[in-house]
Amino acid sequence: MTTPFSTIGVIGAGTMGAGIAQVAARSGCRVKLYDARDGAAAAARTQMADTLRALAAKGKLDAAAADAAIAQIALAHDLADFHDCGLIIEAIVENLDAKRTLFKSLESICAPDTVLASNTSSISITAIAAGLARPQQIIGMHFFNPAPLMALVEVVMGRQTDPDVAERIERCCETWGKTPVRCQSTPGFIVNRVARPYYGEALRALEAGAADVATIDLVLREVGGFRLGAFELLDLIGLDVNLMVTKSVWNAYFQDARYRPSITQEEMVAGGLLGRKSGHGFYDYPRPPQSPPESPEAGTAPTLVQYLTESDALDPLLERIRAAGIKVQSRKEDDPYGAGMLRVGNATLCLSDGRSATQIAFEEDLSNVLTLDLARDFARTSRVALARGEDTTTSAVADAVALFKALGIEVSLIDDVPGMIVARTLAMLANEAADAVVQRVADAAGVDTAMCLGVNHPEGPLATADRLGLTLINAILVNMQAHTGDDRYRQSLLLQRKVWSDGSFL
Ligand code: NAI
């Protein structure tokens, strides 16, 4: 595929601009690079050349290709040099007036069909285009950091962006080896909006006393299947940078409870506890290696498990139980606990439906209840999280732990909070993704692709929800909303519709 633009302008030679220039140059485009700060563009070009030559020295890149890419990058001395660019991408300071002023100047320099793209992560593309002569030519190209490595580009449509312009930009992204996902200009676009619950739910679980920071991260990684726990990720991003994004989305949605920031995070930012960059955040740095916690005391290995309420989400676990040689007896209860329930020894294990174990015991008239956190993949999980109800005996806990020990699965015993850790996280990610779809920010496949490529989630939130069962996902939200009274957990219209029609997102 040939690139729709042969000469590209990149304005702002900081972290993002330098990365974008490198991507374009490596694909054979001629690139003009400019920065308002004297020497900045030249320094970025030198740095880029060093990086490409180092890659070539390591054999990761052909030396001739590295030299060719470097030769493609020219330094622009002022904006007039951009007169022959078919596409200009700005990656300057995140400020509406600065971006609008820049585009206004470029409109008077460039040909009428030049596309002006912004790499903004939080400013409305519609607002940037306001007052410009050719708003149909203004579009968002939201690259992720580091641009040379991250495959996703959110192609952001302002209210007046011409769909033909979007198509050319998408083709351009593809020739650069990127995966474009089209979305409407709305606060946070796709990724910065749909990812909010990942941090928000972990912070709320912490504030509710579910477990300590390290345990929540461990459960998110090993039960939830996420590459990094939410607190490790917050420390990496910087608590201040992440809080700024949260606040920007929260304010842009008129302080919708969905995006409400956390007091814990606010307090830590106020105290300069910003994560890795300040040496202290949710962890201290350098972070001493920690041995994994021991599973709680186990009772005698079981020979029989009763599967009292079958559920799609639990079925893979039952397969593992059978494969371990433990007899599974399916026995339907008259008035079953809906989400999935099994009995082992004295323990009644209920897959989390967003209620606490104590609440389930009380409302369903069950004894010795433990809730089992939703795992992304019970067929493969190496760990589960359990919570015991107030009246659950220690021997029932030991019976439940013995089951997982027999399967070679580690157990984290957490406090009895509604929605546990993973269940609330997966449900809220799916809910946010569903709302983005219903509001036409992007289509379902686009949202899932963006979440996999933009924040490295192992599977899109909608695909996960389809696989685990939308009735369960909905129940978690309904129960959490009832428990907390927090509008944050209100269910997306699309999720409700899919539940009522027995449909799926994808
Ligand atoms: P940066 O601070 O590293 O670089 C910005 C560069 O733009 C600086 O070199 C500065 O001298 C130059 N500049 C500022 N105003 C200018 C102007 N009017 N004309 C020409 N040059 C000007 O910033 P960074 O991180 O590269 O961000 C740039 C843009 O990309 C922002 O809009 C940001 O929101 C967005 N973005 C940043 C991401 C990140 O992770 N850093 C990720 C995705 C988007």
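1. Helix H1 is mostly covered, with 10 of its 12 residues buried. The buried set is made up of Met 16, Gly 17, Ala 18, Gly 19, Ile 20, Ala 21, Gln 22, Val 23, Ala 24 and Ala 25. Please keep in mind throughout that this is a predicted model.

2. After H1 comes Gly 28, which has a positive phi, near 95°.

3. The ligand has 20 residues around it, and those that come nearest are Met 16, Asp 35, Glu 94, Lys 99 and Asn 119. Met 16 is also one of the buried residues of H1. Both H1 and strand S6 (138–143) supply at least two residues each to the shell around the ligand. By type, the shell divides into eight nonpolar, eight polar and four charged residues.

4. Which atoms of the backbone lie by the ligand's oxygen and nitrogen atoms? For Met 16, a backbone N or O atom is 2.8 Å from an oxygen atom of the ligand. For Ile 92, a backbone N or O atom is 3.3 Å from an oxygen atom of the ligand.

5. Two peptide bonds deserve a look. Most peptide bonds are trans. The bond from Asn 145 to Pro 146, however, is cis, with omega near -5°. Pro 146 sits in the loop between S6 and strand S7 (152–157), and S6 is one of the elements that supply residues to the ligand shell. The other cis bond joins Tyr 285 and Pro 286, with omega about -5°. Pro 286 belongs to the loop between helix H12 (263–270) and strand S9 (304–309).

6. Most residues other than glycine have a negative phi. Met 420 is not a glycine, yet its phi is positive, about 45°. This residue is in the loop between strand S15 (410–414) and helix H16 (422–438). Is Met 420 buried or exposed? Its relative accessibility is 0%, so Met 420 counts as buried, the cut-off for buried being under 20%.

7. Asn 456 is another residue other than glycine with a positive phi, here near 60°. The loop that holds Asn 456 runs between helix H17 (444–455) and helix H18 (461–468). With a relative accessible area of 37%, Asn 456 is partly exposed, because that class lies between 20% and 50%.

8. Where is Ser 185? The loop between strand S8 (179–184) and helix H7 (191–194) contains it. Its relative accessibility is 17%, so Ser 185 counts as buried. A polar atom of the Ser 185 side chain lies 3.0 Å from the backbone nitrogen of Ile 125. Leaving aside residues up to four places away in sequence, Ser 185 touches Ser 124, Ile 125, Thr 126, Val 156, Met 157 and Gly 158.

9. Ile 263 lies in helix H12. Its relative accessible area is 69%, so Ile 263 is exposed, the cut-off for that class being over 50%. Between Ile 263 and Ile 70 there are 47 Å in space, C-alpha to C-alpha, and the two are 193 residues apart in sequence.

10. Thr 51 lies in helix H2 (residues 40–57), and at 32% relative accessibility Thr 51 counts as partly exposed. Thr 51 is 36 residues from Thr 15 in sequence and 13 Å from it in space, C-alpha to C-alpha. Glu 319 lies in helix H13 (residues 315–323) and is partly exposed, with a relative accessible area of 47%. The C-alpha atoms of Glu 319 and Leu 351 are separated by 16 Å, and these residues are 32 apart along the chain.

Technical notes: Residues numbered from 1 in each chain as written. Predicted model: local features only at pLDDT ≥ 70, side-chain atom pairs only at ≥ 80, totals over all residues. Heavy atoms only, no water. Buried < 20%, exposed > 50% of the residue type's maximum accessible area, 1.4 Å probe, protein only. Helix = DSSP H or I, 4+ residues; strand = E, 2+ residues; numbered from the N terminus. Near = heavy atom within 4 Å. Polar contact = N/O pair within 3.5 Å; in protein donor to acceptor, adjacent residues only side chain to side chain. Nonpolar A, V, L, I, M, F, W, Y, C, P; charged D, E, K, R; others polar. Contact = heavy atoms within 4.5 Å.
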